[in-house]
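Me: I'm new to this structure and would like a close look at one part of it. Could you pick a spot, walk me through it slowly, and then show me how the rest is laid out around it?

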Amino acid sequence: MAISIPGKVIVFDYGEVISVTPTQDDRAALAELAGGDTQVFWPAYWRHRDALDQGTLSIQSYWRGIERELGESWGDATIHRLWLADFRSWLTIDHDTLDVLLDLKAGGTRMALLSNAGRDFGSYFRHGTLGDLFEKVFVSGELGTIKPSREIFEHVCAELGVTPAQTVFIDNKEANVRGAEALGITGHVFTTPQDLRAYLEALGS
């Protein structure tokens with residue numbers, strides 16, 4: 001069923017909103033490739049992620065930093081395999097969320113994507129089939145700033161030619177939603193596709 005929300009742009013996060021959380025098998029495969037202590041690996045993986053997503057750390061430097069913390073010595077082939085396994089683990093789309101996006105598209109609702117992600121995701125977002133759904137795609141690694149900074153939301157509004165009051169932001173992380181709301185954007189914390197659909201249908205009614 002088409003969902004029409006005139007006068008608004010709905011801005012979506014990607015990870016764990018449109019995409020599903022990487023599976024336990026995905027995580028196990030990545031940790032196995034890395035070797036070393038998983039108790040060290042996962043904190044290091046997340047600790048350096050903001051810098052990667054902000055574009056201040058290259059992919060090579062990101063993985064080399066984890067390598068140092070683990071006390072490992074990886075060849076270039078291992079770095080490539082780690083990047084590929086990690087990248088691939090974030091590509092699976094939640095079909096129920098996709099149905100919501102398609103219904104918004106059918107209703108003529110304007111949509112954009114705003115993701116805290118490295119520059120390597122930009123091509124996938126824009127040139128995969130998801131790119132057909134969004135008016136614009138914003139990738140933090142290309143912008144040099146990450147959610148929930150005021151600057152990233154101001155940039156999105158300016159590029160879309162809308163005011164914060166004309167913008168709705170959907171993200172699974174409350175801190176990011178609160179950052180958007182501080183600028184005057186209407187925010188919604190994503191929990192499930194069903195809750196998202198109900199929220200958007202109510203917004204359009």
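Reply: A word on naming before we go in: helices (H or I, at least four residues) and strands (E, at least two) are DSSP runs, numbered from the N terminus. What you're looking at is a predicted model, in which local features need pLDDT of at least 70 and side-chain atom pairs count only at pLDDT 80 or more, while totals for chains, interfaces and linings use all residues. Residues are numbered from 1 along each chain as its sequence is written, and side-chain values use heavy atoms, with hydrogens and water left out.

Now step into helix α9 itself, residues 150-160, where you'll find C157. V156 belongs to helix α9 too.

Who do they meet? Contact here means heavy atoms within 4.5 Å. Setting aside sequence neighbours within four places, C157 touches V162, T163, P164, T167 and I185. I185 is 28 residues from C157 along the chain, and their C-alpha atoms are 9.5 Å apart. V156 has another set of partners: V11, L114 and F138, again not counting residues up to four places away. F138 is 18 residues from V156 in sequence, with 7.3 Å between the two C-alpha atoms.

Let's zoom out. The protein has 11 helices and 5 strands, and its C-alpha trace spans about 55 × 30 × 30 Å along the principal axes. Of its 205 residues, 46% count as buried. Among contacts with a separation of 6 or more, 65% are between residues 24 or more positions apart.

Next, some helix packing. Two packed helices are described by the angle between their axes and the distance between the axes. The axes are lines fitted to C-alpha atoms, over the stretch in contact for helices, and the angles run from 0 to 180 degrees between N-to-C directions.

Start with helix α1 (residues 24-34) and helix α2 (residues 38-47), which pack at about 110° with their axes 10 Å apart. That makes α1 roughly perpendicular to α2 (65 to 115 degrees; under 35 is roughly parallel, over 145 roughly antiparallel, and the rest oblique). On the α1 side the contact uses R27, L30, A31 and A34, and on the α2 side T38, F41, W42 and Y45. Sorted by class, that contact has 6 nonpolar, 1 polar and 1 charged residues. In this scheme Ala, Val, Leu, Ile, Met, Phe, Trp, Tyr, Cys and Pro are nonpolar, Asp, Glu, Lys and Arg are charged, and the others, Gly among them, are polar.

Then try helix α4 (residues 59-70) with helix α5 (residues 76-89): the angle is about 105° and the axes are 10 Å apart. That makes α4 roughly perpendicular to α5. Here I59, Q60, W63 and R64 of α4 meet D76, I79, L82, W83 and D86 of α5. By class, the residues of this contact divide into 5 nonpolar, 1 polar and 3 charged.

Beyond its neighbours within four places, R49 is in contact with D86, Y62 and W90. R49 is buried, with a relative accessible area of 9%.

Two last stops. L98 is in helix α6 (residues 95-106), and at 24% relative accessibility it's partly exposed. Apart from neighbours within four places, L98 contacts I93 and L133. By contrast, L52 lies 46 residues from L98 along the chain, and their C-alpha atoms are separated by 27 Å. Finally, E16 is in the loop between β1 (9-12) and α1. Its phi is near 65°, a positive value in a residue other than glycine, and E16 counts as partly exposed at 26% relative accessibility.

Notes
Buried < 20%, exposed > 50% of the residue type's maximum accessible area, 1.4 Å probe, protein only.
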